[in-house]
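Here's a quick tour of the model on your screen.

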Amino acid sequence: MQDVATRAGVSAKTVSRVFNDDPHVTEDTRERVQSAMRELKYVPNMLARTFREGKSAVIGIAVPDVADPFFAAVTKGIELAAREHDMAIVVTSLGDNPALEQSIIETTVRRQIDGLIIAPIAADQSYLARWQDSFPIVFIDRIPTKLHADYFVEDDFGGAFEATQHLIAHGHRRIAIVGDSTEVPTTKLRLEGYRAALVDAGLGQDDDLVALGSRDADAAAHVCRTLLALPDAPTAIFSSNARFSTGVFPALQALNRTDIALISFGDFPMADVLQPSVSVIDQNPRQVGRVAAERILARIAAPTKKFRRKNVIPVKLIERQSCQSPVAHLLPQSTIDPRI
């Protein structure tokens with residue numbers, strides 16, 4: 001800050017006033033200070049500033065739905081990492097209307113946060129560029145669009161491929177996928193992984209088994225009932241996220257269809273103790289939250305240091321009882337009718 005002040009011919013206090021957009025600074029002074037900032041690539045040490053002002057630094061968190069099992073666990077991971085560094089968090093839900101993302105984020109930013117972790121829902125995050133010099137921004141679960149920023153995403157394609165491949169190995173040939181819109185990047189990648197596994201196994205693709213467009217667990221339950229009413233119904237279901245799995249599982253139970261295999265992309269509370277327990281692709285959401293928070297801290301501590309922006313986190317199949325269909329268990333692979 002003193003270097004900027006010297007170059008601009010002002011005091012350090014004036015530099016601070018310019019950075020904080022004080023309306024009482026003249027335009028000529030503001031331009032000289034901002035020019036010096038650009039020339040010196042000056043980025044304020046936000047953590048030092050908050051400590052000097054006697055308040056805790058704050059990480060803003062914006063996710064589609066804080067009640068979603070995945071994002072709830074991500075938030076917990078961020079909170080634990082923040083607490084270790086005497087930082088606070090402020091959390092907001094973006095909802096499912098992409099048009100509202102920018103206004104919600106701008107409201108969050110006005111709370112004078114020192115870093116932002118976001119799982120976006122809109123198709124364009126270029127509006128965040130204006131704040132990138134003020135505080136670090138890290139994306140989780142979904143890659144930013146029209147903005148260069150750090151992001152941590154799971155291996156959506158690979159996890160969906162493994163889940164579908166696992167069901168095929170259990171003898172299933174009629175495998176449905178339940179999910180939300182392909183406008184959601186994670187769903188699009190998981191659909192691609194599902195289809196790639198079918199192609200890899202030499203199986204045909206049936207559009208009747210691709211049930212996308214649900215918005216919540218109730219809608220997923222309805223879709224599940226519709227799928228099982230098909231003349232050539234699926235023998236297995238791949239649920240593309242944990243939120244929908246909490247709708248699909250009760251629907252299967254209500255229909256007394258424990259013979260239908262189920263794998264969920266994403267673990268959820270009680271999944272391991274249900275009857276049957278639910279097989280999942282484990283995303284380790286707490287770890288996702290922790291690494292995102294650690295990147296925020298690292299960016300604050302070393303604003304000019306280079307970090308790898310693209311970070312893909314591996315996922316892991318946890319096999320439980322729900323994908324062990326009687327069809328797969330009782331018949332040898334060679335005797336399974338390919339139409340099943």
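## Cysteines

The sulfur of Cys224 sits 16 Å from the closest cysteine sulfur, the one in Cys323, which is too far for a bond. Looking from the other end, the sulfur of Cys323 has Cys224 as its closest cysteine partner, again at 16 Å and too far for a bond. A disulfide is a covalent bond between the sulfur atoms of two cysteines. Here a disulfide is counted when two cysteine sulfur atoms lie within 2.5 Å, and the structure holds 0 of them.

Buried or exposed, what is Cys224? Cys224 is buried, with a relative accessible area of 0%, and Cys323 counts as buried at 0% relative accessibility too. For these labels, buried means under 20% relative accessible area, exposed means over 50%, and partly exposed is in between (1.4 Å probe, protein chains only).

## Ground rules

Keep in mind that this is a predicted model: local features need pLDDT of at least 70, side-chain atom pairs count only at pLDDT 80 or more, and totals for chains, interfaces and linings use all residues. Residues are numbered from 1 along each chain as its sequence is written, and side-chain values use heavy atoms, with hydrogens and water left out.

## The chain as a whole

The chain has 12 helices and 12 strands; these are DSSP runs numbered from the N terminus, with helices being H or I of at least four residues and strands being E of at least two. Along its principal axes, the C-alpha trace spans about 85 × 35 × 30 Å. Of the 340 residues, 50% count as buried. Take the contacts (heavy atoms within 4.5 Å) between residues at least 6 apart in sequence: 66% of those join residues at least 24 apart.

As for charges, the mean positions of the 38 positive and 42 negative ones are 6 Å apart. Lys and Arg count as positive and Asp and Glu as negative, while His and the chain ends are not counted; each charge is placed at NZ of Lys, CZ of Arg, CG of Asp or CD of Glu.

## Aromatic pairs

How many aromatic pairs does the structure hold? There are 3 aromatic pairs. One of them is Phe157 with Phe161, which is stacked at 6.4 Å centre to centre with 20° between the planes. Rings of Phe, Tyr and Trp (its six-membered ring) pair if their centres lie within 6.5 Å; planes under 30 degrees apart count as stacked, over 60 as edge-to-face and the rest as tilted. Phe157 and Phe161 are separated by about one helical turn, because they are 4 residues apart in helix 7 (residues 156-169). Phe157 counts as partly exposed, at 35% relative accessibility.

Phe238 and Phe265 have ring centres 6.5 Å apart and planes at 55°, so the pair is tilted. This pair links distant parts of the chain, with Phe238 in strand 8 (residues 236-239) and Phe265 in strand 9, 27 residues apart. Phe238 is buried at 0% relative accessible area, and Phe265 also counts as buried at 0%.

Two non-glycine residues to check are Lys146, with a positive phi of about 60°, and Met270, with a positive phi of about 75°. Lys146 lies in the loop between strand 4 (137-140) and strand 5 (150-154) and counts as exposed at 62% relative accessibility. Met270 is in the loop between strand 9 and strand 10, and is exposed at 54%.

Pro276 is placed in the loop between strand 9 (261-265) and strand 10 (279-282). A cis peptide bond joins Gln275 to Pro276, with omega about -5°.
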